[in-house]
Amino acid sequence: MSSSHASNSLTGFEFSFEVRVDSDPDSSAEAFDTQSLTESITTFHEEFGRTYHAFHAGSYPYPNDAWEKERLEHQHQVVKTLLGGRSFVSPFTRDRPPRRVLDIGTGTGAWVIDVADEFPGAELVRGIDLSPIQSEYVPPNVEFHIEDANDGWDEGLNIRYDLIHTRMTMGCWRDMQTDIVQRSFDRLEPGGYLECHEVLVYPFCDDGTMPTNFPFRRWALEANEASAALDRQFFVGHELKRWFIEAGFVDVHERAIKVPINPWPADRRSREIGEGWQGNLERGISGWSMGLFNRVWNIEPEHIEIGLVDVRQAIANTSVHAYQVMFVVWGRKPGSPQQHSSPLRPRSGGSSKGGRK
C-alpha cells in the first residue's frame, strides 16, 4: 500500500479516541496438559536470539518467547483501556451471555481468560494459536488448542459459537476475508457475532507535524511489502467492514479509534494510552522486523537493528503527532439465537483444559 493509498483508504471514516457503545444492548486445579502436546510442537525454533513456533514452523514470522509474551500481555491491557475496560463491544451481558466463544490467534490467552472470568456460566471459551504459550492455570470453561487458522480450525467438530474474536492479527493470514471472516460466519450460531480488533499499522497525522520521510512510516510500508512477499496480509483493518457485509453479516458496526504512538496528546487519557502504546511498539519492533526482513530480503540481523535506530527514535518523538488506527468491527449472523443442541465432543492432542483453584 503506498502512502497516498493508505491515506485515501481512511477517507470518510468517523474517528474518535474511544469506542462508543450503547449501554442497552437491545437499543480442583488441573495442570497444563503437556502430555497431549508433542515434543515437535513444544520445542521452539531458535533464531536471532529469539524463539519461534514449531507447529507449521515458518508460517508466522514473529517470535513467541518470554519477551513477546510480556509484550502481548502489555498490549492486551492497553487495548482493554481503549475499550473502556471491556473485552468486546458486541451486545452480550451477564443477563444475555455468550455460551460458546472462540478467540482466533489467542497468543497468551489473556483475552480468553478475561472473558471466561466475566462469564463463568459460559459453556466453552476456546482459544487457538500456533504456539502453546498460554497460562498453565485457567478457568474450568477454558480450552486452548494448537491450530493454524490458515488451514481451517475446529475441523471435525460440530460446534457453533455465539462470539468469535480476533485481535491484532496483521501479518497472520493469507486471506482474512475467506479464512477468518467467512469461516466465522459459517461457524456462528444464528444471532452470533464476529468481532475483530485490528490496527492499521501505517501511521497518520492530522496537523502536518509528521514529515513524509518519517522513519516509522517507512518501516510500516516495508513491513507491508515484506508480508505480501510471504503471502500474508498486513494492512487489514480498513477492509473489515466490507468483508463482514460481503460474508453476510448484518448490523455491522465500525469504530475507527485513533491510537497515539506516544504520549503527545494534551488530554490525560489519550496521553496515558499513547505512553502504553509506545511501550508496545518499542517492545515489538525488533521481533516484528527480524524474521520478516531476514526471510524476505536476507538482511543480516545486525543491519536490521541498525535500520531500526531511527524508527525507535521516531516512535518516541512527541513533536510528531502521529497515531495509528484501531478498527473495531462487529456484526451479527442473521437469525434468532437458538438453543444449543450440538454436544461438545472431546478431542485429543494440542490442548489444555481449565481448572483453577
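A residue counts as buried when its relative accessible area is under 20%. By that criterion, helix H4 (residues 110-118) of this predicted model has buried residues at Ala-110, Trp-111, Val-112, Ile-113, Val-115 and Ala-116.

**Helix H4 and its cover**

- The elements that cover the buried residues of H4 include H3, strand E4 (100-104), E5, E6 and strand E7 (161-167).
- An α-helix has 3.6 residues a turn, so residues three or four places apart point the same way.

- Strand E6 (residues 142-146) is largely enclosed by the rest of the structure, because five of its five residues are buried.
- Burial applies to both faces of E6: Val-142, Phe-144 and Ile-146 lie on one side, while Glu-143 and His-145 lie on the other.
- E6 runs parallel to strand E5 (residues 124-129), and five bridges join the two strands.
- Within this pairing, Phe-144 of E6 is the bridge partner of Gly-127; Phe-144 is also one of the buried residues of E6.

- Strand E8 (residues 188-205) is joined to E10 by 10 bridges, and the two strands run antiparallel.
- Glu-195 is placed opposite Trp-330 of E10.
- Strand E9 (residues 250-260) also pairs with E10 in the antiparallel sense, over nine bridges.
- Val-329 in E10 is the bridge partner of Glu-254.

**Ser-184 in helix H5**

- Ser-184 belongs to helix H5 (residues 176-187).
- The relative accessibility of Ser-184 is 0%, and the residue therefore counts as buried.
- When residues up to four places away in sequence are not counted, Ser-184 touches Ile-104, Trp-153, Ile-164 and Leu-194.

**Helix H3 against helix H8**

- The crossing of H3 with H8 is left-handed.
- H3 contributes Trp-67, Glu-70, Arg-71, His-74, Gln-75, Val-78, Val-79, Thr-81 and Leu-82 to the contact, and H8 contributes Arg-269, Ile-273, Gly-276, Trp-277, Gly-279, Asn-280, Arg-283, Gly-284 and Trp-288.
- Sorted by class, this contact of H3 with H8 has seven nonpolar, seven polar and four charged residues.

**Helix H6 against helix H8**

- H6 and H8 cross in a left-handed sense.
- On the H6 side, the contact is formed by Phe-216, Trp-219, Glu-222, Ala-223, Glu-225, Ala-226, Ser-227 and Ala-229. These residues meet Leu-281, Ile-285, Trp-288, Ser-289, Leu-292, Phe-293, Val-296 and Trp-297 of H8.
- The class composition of the contact of H6 with H8 is 12 nonpolar, two polar and two charged residues.
- Trp-288 of H8 takes part in the contact with H6 and in the contact with H3.

How values were computed. Residues numbered from 1 in each chain as written. Predicted model: local features only at pLDDT ≥ 70, side-chain atom pairs only at ≥ 80, totals over all residues. Heavy atoms only, no water. Left-handed = near helix turned anticlockwise from the far one by under 90°. Helix = DSSP H or I, 4+ residues; strand = E, 2+ residues; numbered from the N terminus. Contact = heavy atoms within 4.5 Å. Nonpolar A, V, L, I, M, F, W, Y, C, P; charged D, E, K, R; others polar. Buried < 20%, exposed > 50% of the residue type's maximum accessible area, 1.4 Å probe, protein only. Pairing = 2+ DSSP bridges.
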